[in-house]
Amino acid sequence: MTDALASDPAAYRTALRAYLTGEPTLSAWRTKHYTTTEERIADHAALMGELYQAGWNRYGWPTSAGGLGGDERHRAVLYDELAATDLPIPTPHLMLETLGPPVVRFAPDLAAEYLPAYLRGKEWWGQGFSEPEAGSDLAALRCRARREGDNYVLNGQKLWTSHGATATRLVCLVRTGTPESRHRGLSMIMVDAEGTGISRRPIALASGDNELAEEFFDDAVVPADRLIGAEGQGWAVAMYLLQYERAMYAWMSAAEAFRRLRELRDELAATNPGRTLPADAAQRIAECYSQLVTVRARSADTVRQLATGATVGPEASVDKILLAGAEILLYDIGRDLLGPGFVFEDTAAAAQWRSEWWYSRSATILGGSAEVQRTIIADHVLGLPREATK
Ligand SMILES: Cc1cc2nc3c(=O)[nH]c(=O)nc-3n(C[C@H](O)[C@H](O)[C@H](O)COP(=O)(O)OP(=O)(O)OC[C@H]3O[C@@H](n4cnc5c(N)ncnc54)[C@H](O)[C@@H]3O)c2cc1C
């Protein structure tokens, strides 16, 4: 492995594929099923440790933050190749893609201190944006951070935090301005999740998995040097973050979806006489495949733009909407084609299909609802006239 890979994503892909297909220790993570979210995250974090040790998940991140250089294309290639070689994209990478870029950009000292441990799988972070009265209308959030000397004192609640129950740190959007200051009075801050004055409760999804959590801050003291960006700059940091949350998430989820579609095809062919696909399965799988190709074509362009340092901004909402449709279709096809086994089979593989089907129901909600994404596209991408209010 040489630094030449940092400036050549194609060479990186070739070398990475050779490693992923040739490294025997990785087979432990292939076709593995988990019974709990906590078990899956911990095991995937161990996979990050392996990838870090060999250097592969360090590409795409700056050397100042534990990386080996390169850009978003390297990260996209990593997710592609993991999925192509039947390995999971480690769960903590989902929030790494959302939270890592703004921390690198707006708080390089924090990135240097904590990102290497994240890449090694020794810690992971949660995104504390949503609150009971602030989801789509994020500027209404109320969790308050009051400056006291060299610290901020946090009071309030966050809700629906992915992996929040096990995260080491929480990147929170908090109100430092007046209650009426809307988006002008927000700041972003990194909080140690185990700190005094913080309590967390896991939230089980319909599948039974503890995928989300809520956190309560009761005079939680956070050093002021944990700010990400300046005080009052939180909205700008959040907008920078959201383009990664929507765009890189779409890329990695599409890579996973391709893998799951391939597995579905193989599973159906294996159980059908003559190892052919059952009637109408080929057409439905092809329909889903073509939707995923659409996501990927769009997403590849977005990733290339991010890699040049361009601001994708509201355009990332297009990627998110396309992905949500393809994901829902994939899991509906899985449910339909796997037949009664999807509902009744008592195997780890069937349980995974069921759990992922449930999770796919949230594809039009998480990271900003589909309705809100369409409004963003109408207002900020297409520049359509505002709807008349009755
Ligand atoms: C699986 C999952 C993971 C999540 N992970 C995180 C996380 O890690 N961190 C985090 O901070 N949050 C997370 N969220 C929360 C998510 O960001 C919010 O659920 C989402 O932004 C919607 O907010 P809400 O739930 O408050 O719904 P509301 O904002 O109350 O919306 C309810 C409904 O009203 C519609 N609506 C609202 N406003 C408008 C409008 N102006 N025009 C048209 N329709 C509108 C919405 O589309 C939706 O259908 C997660 C959610 C899910 C489901």
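At what angle do the axes of helix H3 (residues 72–84) and helix H7 (residues 281–307) cross? In this predicted model, the two axes cross at roughly 145° and come within 8 Å. Helix H3 contributes Glu72, Arg73, Ala76 and Asp80 to the contact, and helix H7 contributes Arg296, Val303, Leu306 and Ala307. By residue class, the contact of H3 with H7 holds four nonpolar and four charged residues, with no polar ones.

Attention now turns to the ligand. The ligand has 17 residues around it, of which Gln127, Ser136, Trp160, Ser369 and Glu371 come nearest. The shell around the ligand draws on two domains: domain 2 (127–232) and domain 3 (235–381) each supply at least three residues. Ten residues of this shell are polar, six are nonpolar and one is charged.

At glutamine 127, a polar backbone atom lies 2.7 Å from a nitrogen atom of the ligand. Serine 130 also presents its backbone, with an N or O atom 2.7 Å from an oxygen atom of the ligand. At serine 162 the side chain takes part, and one of its polar atoms is 2.8 Å from a ligand nitrogen atom. As for cover, the ligand taken alone exposes 960 Å², and the protein buries 64% of that area.

How values were computed
Residues numbered from 1 in each chain as written. Predicted model: local features only at pLDDT ≥ 70, side-chain atom pairs only at ≥ 80, totals over all residues. Heavy atoms only, no water. Near = heavy atom within 4 Å. Polar contact = N/O pair within 3.5 Å; in protein donor to acceptor, adjacent residues only side chain to side chain. Areas by Shrake-Rupley, 256 points an atom, 1.4 Å probe, with all protein chains shown as cover. Nonpolar A, V, L, I, M, F, W, Y, C, P; charged D, E, K, R; others polar. Domains from an automatic or database assignment. Axes fitted to C-alpha atoms, helices over the stretch in contact; angles between N-to-C directions. Helix = DSSP H or I, 4+ residues; strand = E, 2+ residues; numbered from the N terminus. Contact = heavy atoms within 4.5 Å.
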